[in-house]
Amino acid sequence: MNKLSYPLMGDYHIPAKFLLSHVLKIDIITPPPISNKTIELGTKYSPEFVCTPFKYTLGTMLESIEKGANCLVQMGGGCRYGYYGEVQAQILSDLGYNVTLINLVTKGKTDIKRIVKEFKKIDPKFSRLKALYYTFITLKMVKYMDHVDEYIRSNIGFEIEKGAFESLKFKMLRDFQKVKSYRELHRKYHFYLKEFKNIKVHKPDDCLKIGIIGELYTIMEPFSNYFLEKELAQNHIEIKRFTNVHYLLFEKSFKIRKYLKDTKKYIKYKMGADASDNIARTKYLCEHKYDGIIHIKSSFCTPEIGAMPIINKIANNYGVPVLFFSFDANTSETGIKTRLEAFYDMLEMRRGK
Amino acid sequence: MDKVGIPRGIFYYYYGDIWKSFFDYLKIPYIISPSTNKEIMLLGTKYSNDEMCLALKTYLGHVSYLEDKCDYILVPRIDNFGLDNQTCTNFLSAYDIVQNTFNIKTLNYNIDLEKHETLKRGLIKIGKILNKKHSELVKAYKYAMKKYKEKRESEIMLNFNKLNSSKVKILLISHPYNTYDDLIGKDIIKYLEKNDVEIIFSDKLDENLTNKLSERISKDLYFKYSKDNIGALELTKGKINGVIFLSAFPCGPDSLVNELAMRKINLPYINLVLDDNSSFTGTETRLESFVDMLKGDIHE
C-alpha cells in the first residue's frame, strides 16, 4: 500500500491534505511539525551551500519516511527551487530509501499529463474529474485562508483578549478540513470572517506599521523565520505581508508587468523568483508611509541577494529604514530578537521626532 | 568618438570574442578591463553585497575599474535559450545591479529566446545607440559570428583531441568565468599543466552535444550552462581518469547540480569551492594528493 506525504509550509498542509485525501484513495501522512530535529536532519544530508528551504523540505521528507511514507510530493520553480526534486530524490535513494518523488513543476512548467500519469501509478483508480473538482475547492480554500490571514496580520498585535485570533484560526482550519462541498466552504468562510471581525481590538490610528518582504519559503514558513510575525505582533505592530500561495499561483503573472512599470526608474528587467516583486513592494511600502521594512531571506538565496542593493537604494531615497535578515539552519534566536528590538526602538524614536 | 568599456567578467568569457570583432569591424574604440587582480577584487568587495557569488563580485570590480575610463559600459542580460535552457538569476539581475550601484551610462541588450530576443537583435540595438547604420551592423554581426565560429571550432577540436593523449586526463567542470579568471582558476590550471596532466575543459566542448547528453545524468535540469558542463561528463565517459569540480562560493546552480553529478559518476573527483579569502596553498595540497592518487592508479 502506498503512503503519500509532502513537505510542510506554514498552514498550507491543511489544503494539501484536503486535496490529496479526497483525490487519492491511499493513506496520506502528515509529517510532524517542523522542529529543530527536522532542520538538523536536513542539514546533515544537504549539499554545503544550498539555500535553507532545501534543508527544511529534505528534513520533513526524512521525517515522514520515518513515519512510513513511500511517495513524496515536491513543487516549486522560478529559481533553483524547481531543481530541488531531482537532487532530493537522488539523496534519498543514496540513503537507501525506496521512495517515489513526484515533482509537480519540471523545467519551469507544470505538465499536467505527466502528473496525472504519475498519480495513476500510485493509485490506479485516480479520477481526473474528481481531481478537478477538489482542486477547485482547494484553491478556493487557499484563497480564503490567505484573505483571513491578511485581516489577522493587521490586527493581531492589538487584540484585547490574548490569543483570541489564534484560537479562532485554529478552529477555522479544523472546520475547513471537514468540508464536503464548495458551498459549505463558502458558508464557513463567511461565518468565520464575521467572527474574526467581532473580536475586539484596540487599534490606535497611529500604530507602527511594518512591511515584510522577502523570499517566499522563509516568509511563509513561520519556523524558518523564527516566528518573526509573532514577535512583531507582541510589540503592537501592524504587519503587511504580500507573499502568499494565492499570490504566487494567480496574481503574480498578472502583476509582474505592473510592477515593472512602477519601478521603471530602478529596474528594467525581471530578476527571477520574487526579486522584482519585492523591489516594487519596497516602493509601495515607502510611498504608503510605512514606518519600516523588514526583508527576510534564507542564506544564499541568489535572486534576493541581487535585489538587496536596489531595495536599499529605494529605501534610502525615501528615507525608510530597512532591516535585512538572512536565516540559516543555525541562526541564533537571541541575535534576531536583539536586532528586532533595536529596530523597533529606532522606529519609535523616529516617530517621536 | 564614444569609447565602450568591456568588463572582463562573467559575460566576457561567453561573448568577448564576438564583441571584440564586432567593434573592430565597426571601428568603434573599446577598452577591456585587465585580468582580475587584488585591486579589482577589493573594488568588487566594496561595491557588492557580502553574499553575492565570487564571480559577480569580481564582475562589479571590473565595472568599477572602468567607471571613469570610458563613455559606455557593455552589460548584457541573458535570460534564457528556451524554457529548458535558463540561466542563473545573477545573469538576469547583473544589469540592474550595475545600473543601481554605479552612476554610468550602459549599453545593454537582452537574450531571451522565449520572447525572440536574440544576440543579433541585441548587437544591432547597441550599434544603433552608437550611431551606426543598420546594413553596416548586419555585416559586422556576420563577420563577428564567422570569426567566433572559426575560433571556437578550432578550440573544440584541440580540446577534444586531448582525450587521445596518453597522459593522465582530468575533466575540469567549471564555468568559463571561473576557469579563465586570474584569481580563481588560473593557478589551478598552471599547477596541473606543470604536473604533466592533460586538462579537458568542460566549456570547450560542442555544446549542442553536451546539452543533450546531460539528460542522461539529470532529467529535470534547466540551467543552460550547467547542462553544458554536466553533459561533458557523458561525452568524455570512459576516456578520463578523474574529474575536478570547480565552483565559486556560493554558486546557486552548482551547489545542486555538482552534488547530483558527484553522486552519479563512478570516477575519482575533487570538489573545489573558492571564495575571495581562499589561499592557493590549501588548494595546492588538495590538488597534489588528487593528482598523486590518479597517477598511482595508472602505474599499478
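**Labels and their cut-offs**

Modeller: Start with a crossing: helix 11 of chain A passes helix 12 of chain A in a left-handed way. The term applies if the near helix is turned anticlockwise from the far one by less than a right angle; clockwise would be right-handed. The model is predicted, so local features need pLDDT of at least 70 and side-chain atom pairs pLDDT 80 or more, while totals for chains, interfaces and linings use all residues. Residues count from 1 along each chain as its sequence is written, chains are lettered from A and ligands numbered from 1 in the order written.

Colleague: Why are helix 11 and helix 12 of chain A called oblique to each other?

Modeller: Helix 11 (residues 245-262) and helix 12 (residues 275-287) of chain A cross at roughly 55°, and their axes come within 9 Å. Under 35 degrees is roughly parallel, over 145 roughly antiparallel, 65 to 115 roughly perpendicular, and the rest oblique. The value of roughly 55° falls in the rest, so this pair is oblique. The axes are lines fitted to C-alpha atoms, for helices over the stretch in contact, with angles from 0 to 180 degrees between N-to-C directions.

Colleague: Which residues make that contact?

Modeller: Helix 11 of chain A brings Ile256(A), Tyr259(A), Leu260(A) and Asp262(A). Helix 12 of chain A brings Ser276(A), Asp277(A), Ala280(A) and Lys283(A). Contact means C-beta atoms, placed from the backbone, within 7 Å. By class, this contact has four nonpolar, one polar and three charged residues. Nonpolar covers Ala, Val, Leu, Ile, Met, Phe, Trp, Tyr, Cys and Pro; charged covers Asp, Glu, Lys and Arg; polar covers the others, Gly among them.

Colleague: What makes helix 7 and helix 8 of chain A roughly antiparallel?

Modeller: The angle between helix 7 (residues 164-178) and helix 8 (residues 182-198) of chain A is about 175°. That is over the 145 cut-off, so helix 7 and helix 8 of chain A are roughly antiparallel. Their axes are 11 Å apart. Leu168(A), Met172(A), Asp175(A) and Phe176(A) of helix 7 meet Leu185(A), Lys188(A), Tyr192(A), Glu195(A) and Phe196(A) of helix 8. The classes here are six nonpolar, no polar and three charged.

Colleague: Why is chain A called as compact as a globular protein of its length?

Modeller: Chain A has 14 helices and eight strands. Its radius of gyration is 21 Å, close to the 20 Å that the globule rule gives for 353 residues, so the label holds. The radius is taken over C-alpha atoms, and the rule is 2.2 Å times the number of residues to the power 0.38. Those C-alpha atoms fill a box of roughly 65 × 45 × 40 Å along the principal axes.

Colleague: How is chain B divided into domains?

Modeller: Domain 1 of chain B is 4-139 and domain 2 is 161-299. Such bounds come from an automatic or database domain assignment. The C-alpha centres of these two are 26 Å apart. In contact are 21 residues of domain 1 and 22 residues of domain 2. On the domain 1 side, helix 3 of chain B gives the largest share, four residues. That side divides into nine nonpolar, 10 polar and two charged.

Colleague: How many residues do chain A and chain B bring to their contact?

Modeller: Chain B brings 32 residues and chain A brings 38. Helix 4 (89-101) and helix 11 (252-264) of chain B each give two or more. Helix 4 of chain B gives the largest share of its chain's side, nine residues. The chain B side has 13 nonpolar, 11 polar and eight charged residues.

Colleague: What is the omega of the peptide bond that joins Phe249(B) and Pro250(B)?

Modeller: Omega is about -15°, and the bond is cis. Pro250(B) sits in the loop between strand 9 (242-248) and helix 11 of chain B.

Colleague: What is the phi of Tyr226(A)?

Modeller: Phi is positive, about 55°, although Tyr226(A) is not a glycine. Tyr226(A) lies in the loop between helix 9 (216-220) and helix 10 (228-234) of chain A.

Technical notes. Contact = placed C-beta atoms within 7 Å.
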